[in-house]
Amino acid sequence: MAVSRRWFALVAVFLIGILASYAEKAPYTSFARNATSAPAAEYYDYIIVGGGTAGCALAATLSASAKVLLLERGGVPYGNPNVTRINNFGKLLADTSSPSSPTQQFVSTDGVFNHRGRVLGGSSAINAGFYSRASRRDVAEAGWEPRLVNASYEWVEAKVAFRPRVRRWQAAVRDGLLAAGVAPYRGFTYEHLQGTKIGGSTFDQNGYRHTAADLLEYADPTKITVYLYATVHQILFRTTPIPVKKPKAYGVLFRDSKGIRHVAYLKSGTTSTNEIIICAGVLGSPQLLMLSGIGPGHQLRDKGITVILDQPMVGQGMSDNPMNGILIPSRRPVGVSLIEVVGITNFGSYIEAASRISFQTMTPSMAQAQHLANQEGSDPYRNRTIRNVIILEKVTGPFSKGYLELQSNDPNDNPRVTFNYFKDPRDLQRCVKGMKIVKRVIESRPISSFRYPSSTFQSLVNLTLSIPTNQRRRHVSASHSMKQFCVDTVMTIWHYHGGCQVDRVVDRDYRVIGVDGLRVIDGSTFKYSPGTNPQATVMMLGRYMGQRILRERSPQ
């Protein structure tokens, strides 16, 4: 027995040594480079479109046994303090002026400001950093293998998840949630559990952000190529007039930052398992399918796009979890904190909080609100510099659904998106219930030391209504009707999803239904947002499906 144990230990050390020899630390100079250096044509086993939250995990995993190309339309997050430092979170979201900035802004037809990632690591490089797993129910409904799911989460967490250093404001929110009845207290955990808990963060205790791009440290640098500033314009399909054969994806056309055309092809003649995998995000994936000829036929023909597959469900089922909050001017000094504590209710509402975030964080027009909040006025705000804290309510699901349409044939342009916030009355009912919990938290003893004595909940509602959080009309009744308040002040928490949903656009193995050689693996496949915050599950899904795909490639 002792000999056997020693033998296994030696094997383990040997394997760790092999894995360590593969690893390369960021910024990956041996395999990540500007797409201007790409040849006119290349051949790969797997071509992954989108180096985002799912794409980085997937590419790193597949490189263990295959030659992989990862195409990212942005640059690297490293060396950009707006991305990497928690104190610069507001600046990061406000910096949307350059075509190469990490954040690309869009405004839905609902009049709500939103953002999408344009950088290696995707939206994991621009979000608030909260890390929490999906619920067991989420996993079961997705049909995922629980053991492989847990192992995939652990693989992600070893690189990017940390226990936050909970300071006074977040501790007060934790205690306020418990006082408001959001129980029991679960302590620190990545698991999705009803009650109040401290979750993980992709910001470490020094305030440095870790993103999905860090997962490329797992990649085999000899088998992966990453092209930066590479914008994919089209998936190429081989079609045949024989009706029994499906269109088959065989390559992608992309352009570099100078507009030069490049084509990457799948290797042929070696294995039928080589594939193109779209991980371009909730807006990018359905948009690219449409630009490539897969989508609602009438819409594609109107844009002059050759229809490869008339698939009316592409772009459907778009949802964004509505978020509403109450801004609280704090009479105590507070440091910058993003989401660390969450209250998970039993009626489909999650309560979270942040502190000392620039008004520009939420909307581009909120710089006006900084002036508004700091101007002289009646007590308790006269002659004071406002230190802002905010308590947020997010509706789970949601039930309300919208759609996505092309605005142009240029992949650099945002598509037109409608989320239909609160179209389903069940979402509005949840918001009203959640805001009642927010009220209890604000009026609790733990929060009282942060509020000015004369700051009533009503005065805070009125203050929040005065801030341009979106482009929607403010109704007079919103001051006294929480339903109207929810509708008028709705914001995003960046958990939008849908457009390439499972069982509608892709099957349970994420293969695009109706064509061969093509999958979509990212949040666009979700019918609802998993857990309190989806980024952990999107990264997990990249790892999870990478292992599943490799298993199919080499069943032994």
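**Exercise 1.** Which residues of α11 are buried?

*Solution.* Keep in mind that this is a predicted model. Walk along α11 and you'll pick up D427, L428, R430, C431, V432, G434, M435, I437, V438, V441 and I442 as buried.

**Exercise 2.** Check what span α11 should have, and compare it with the model.

*Solution.* Start with the length: α11 covers residues 425–442, which makes 18 residues. At 1.5 Å a residue, the helix should span 26 Å. Now look at the end C-alpha atoms: they sit 26 Å apart, so the two values agree.

**Exercise 3.** Work out how α11 and α14 are oriented, and what makes up their contact.

*Solution.* First, the geometry: α11 packs with α14 (residues 482–489) at an angle of about 105°, and their axes are 9 Å apart. Angles of 65 to 115 degrees count as roughly perpendicular, so that's the label for α11 and α14. Next, the contact: α11 brings L428, C431, V432 and M435, while α14 brings M482, K483, F485, C486 and V487. Sort these residues and you get eight nonpolar, no polar and one charged.

**Exercise 4.** How many residues of α2 are buried, and what do they pack against?

*Solution.* Eight of the eight residues in α2 (residues 55–62) are buried. Their partners are β3, β4, α6, β11, β15 and α15.

Definitions and conventions: Residues numbered from 1 in each chain as written. Predicted model: local features only at pLDDT ≥ 70, side-chain atom pairs only at ≥ 80, totals over all residues. Heavy atoms only, no water. Helix = DSSP H or I, 4+ residues; strand = E, 2+ residues; numbered from the N terminus. Expected span 1.5 Å × (residues − 1). Buried < 20%, exposed > 50% of the residue type's maximum accessible area, 1.4 Å probe, protein only. Axes fitted to C-alpha atoms, helices over the stretch in contact; angles between N-to-C directions. Parallel < 35°, antiparallel > 145°, perpendicular 65-115°, else oblique. Contact = heavy atoms within 4.5 Å. Nonpolar A, V, L, I, M, F, W, Y, C, P; charged D, E, K, R; others polar.
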